[in-house]
Amino acid sequence: MSLFDKRLSEIHSALRAKELSVTDLAQASIASIKEHDNEIKSVLHVDEEGALAHARQLDERLAKGGEELGLLYGLPAGLKDNLITKGVRTTCASKFLANFDPVHDGTVSQKVKDADAVIVAKLNMDEFAMGGSNENSGFYPTKNPWNTEYVPGGSSGGSAAAMAARHFYFTLGSDTGGSIRQPAAFCGVVGLKPTYGRVSRFGLVAFASSLDQIGPVTKNVEDAAYVLQAIAGHDPYDSTSADVDVPDFLSALTGDVKGLRIGVPKELIGEGIDPEVRDAVLAALKQLESMGASWSEVSLPHTEYAVPAYYLLSSSEASSNLARFDGVRYGVRADNASNLIELYKESRSQGFGAEVKRRIMLGTYALSSGYYDAYYKKAQQVRTLIIQDYNSIFADFDVILHPTTPSTAFKIGENVDDPVKMYLEDICTVPVNLAGLPAISVPCGFSGNGLPIGLQIIGKAFDESTVLRVAHAYEQSVGYHQRKPEWVRG
Amino acid sequence: MSAITRKEVEHVANLARLQLTEEEAERYTKDLNAILEFAAKLNELDTSSVAPTSHATDVKNVMREDVNRPSLPREEVLKNAPDHEEGQFKVPAVFE
């Protein structure tokens, strides 16, 4: 068993008993990256010096026996490279920000440090979080640890692949249209997207501000609960963060699903879903039934409209958010510009990759004079209909359950030439972001060719507790989370 | 809805402050047409009486006290600037 397969309570006992040090943990993380990440490419940069210095500091503090240990004390973490970290390069996997050195921490980076976790590395992603395969990284694509011919998913592909490879105790990703859950499903790990507003977005480089949300990627549900506990909460620096109480998520993990009412939308379990994925999800439902839950078929009638609405809204917001990258205050600057407009154009054109430009173009068009009502406003109205669909289901059910993705991971290069086909892969995840709901992906089986399958559990707004409870009860009863790619040691 | 032309793509690129290569302009004309055709699906729905949603949560007009608080030191803020002079960001001439 690898060090990072141990339960958090075991790690903390070992640290208290001096059988293990935080430095040992940080070194194990760095060694795993050095030894194995050449194949996977989940990491963009390692802060070896900073991590070891922080680890030593935490070891000294425990040796002095002073303060209480933070919730995530000593745990090596990897952060998606769109979460700004003071003094540690943050690039969003974009050439535009290749040398960007943040002057302060984001709220979540700070909270992770305040909880005594050690940030070891920044992780690969689709450039500016736009993509579902990590093929849009401006530096190099990440590969799926289960089979390196396949994508790890995206845009938090580095966060998920690094967990499957057990480089860290936990990682953080961000989810705008499925970017935590889809790679978690493809890599056989747990990925949680909290309710919109549950976690501060201050210091998360914005893609689509009405949809973005930070969340944990972990090897099991218990770890996801710990990390969420540490990062959740209202933040005066993010006016969209919700001023609501943060419950004790750990106490929700009772293992009990008796009387739970599950709704299964017929649109996301039938046609268009790969039979292997469908069978794995139906088996999961049977499992939950045997544990005392009940399920019925329900309907999300506007599902087929969610993907086009999502791409119009997210690209519109992105075109506005990415206007800040102009080559003046940070990032690359083209050196051949003779006036300011040319400087903007040349810098942006040199710094951004193809998919980022495509989305900026789409968003600019959808927001431009004469097209606003036809595209942007229309998509906002469809968003309302999708929210209403969820509200009517949640009047009678506790959770909604369906696959995280229509199929398992696809081959590298398979979808790169057809943006619409690539976008349709998001059908099971984008409706959840449009409604702002919490959702988790947990492993629920494997395909015939050995790739992981993800089960998605969606809850009512701010009811992460129920989502975690159901996911944990299911996970512990089936044990798929214990499987790792063969080459991953231990 | 009518298809987007190459000329419109160039107009949008200018609005977005992007300088497209010949190849990119071709490519994005094709891609945007495919995406917009796909987006036209939304027109199947009558939304004339549906209110638009801009945010999934109903937080509105969050205010804070108007009090001074420390800002970042100037040299820190300029640290990532491609060019600066006398404590200010420097850019090429705005006017000819």
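In this predicted model, strand β2 (residues 76-80) of chain A runs parallel to strand β4 (residues 170-174) of chain A, and three bridges join them. Strands are DSSP runs of E with at least two residues, helices are runs of H or I with at least four residues, and both are numbered from the N terminus; two strands pair if DSSP finds at least two bridges between them. Residues are numbered from 1 along each chain as its sequence is written, and chains are lettered from A and ligands numbered from 1 in the order in which they are written. Because this is a predicted model, local features need pLDDT of at least 70 and side-chain atom pairs count only at pLDDT 80 or more, whereas totals for chains, interfaces and linings use all residues.

Five of the five residues of β4(A) are buried, so the strand is largely enclosed by the rest of the structure. A residue is buried if 20 or more other C-beta atoms, placed from the backbone, lie within 10 Å of its own, exposed if 12 or fewer do, and partly exposed in between. In a regular strand the side chains alternate between the two faces of the sheet. In β4(A), A:F170, A:L172 and A:S174 lie on one side and A:T171 and A:G173 on the other, and both faces are covered.

Helix α4 (residues 107-114) of chain A has A:T107, A:V108, A:S109, A:K111 and A:V112 buried. Its buried residues pack against β2, β3 (118-123), β4, β6 (214-218) and α7 (221-231) of chain A. A:A77 touches A:V112, and its other contacts include A:V118, A:F170 and A:T171; two residues are in contact if their C-beta atoms, placed from the backbone, lie within 7 Å.

A:A77 and A:V118 are among the residues with the most contacts inside the largest nonpolar core, which has 163 residues. Such a core is a set of buried Ala, Val, Leu, Ile, Met, Phe, Trp, Tyr and Cys residues joined through C-beta atoms within 7 Å. The largest share of this core, nine residues, comes from α9(A).

Methods. Lists of a residue's contacts leave out its neighbours within four places in sequence.
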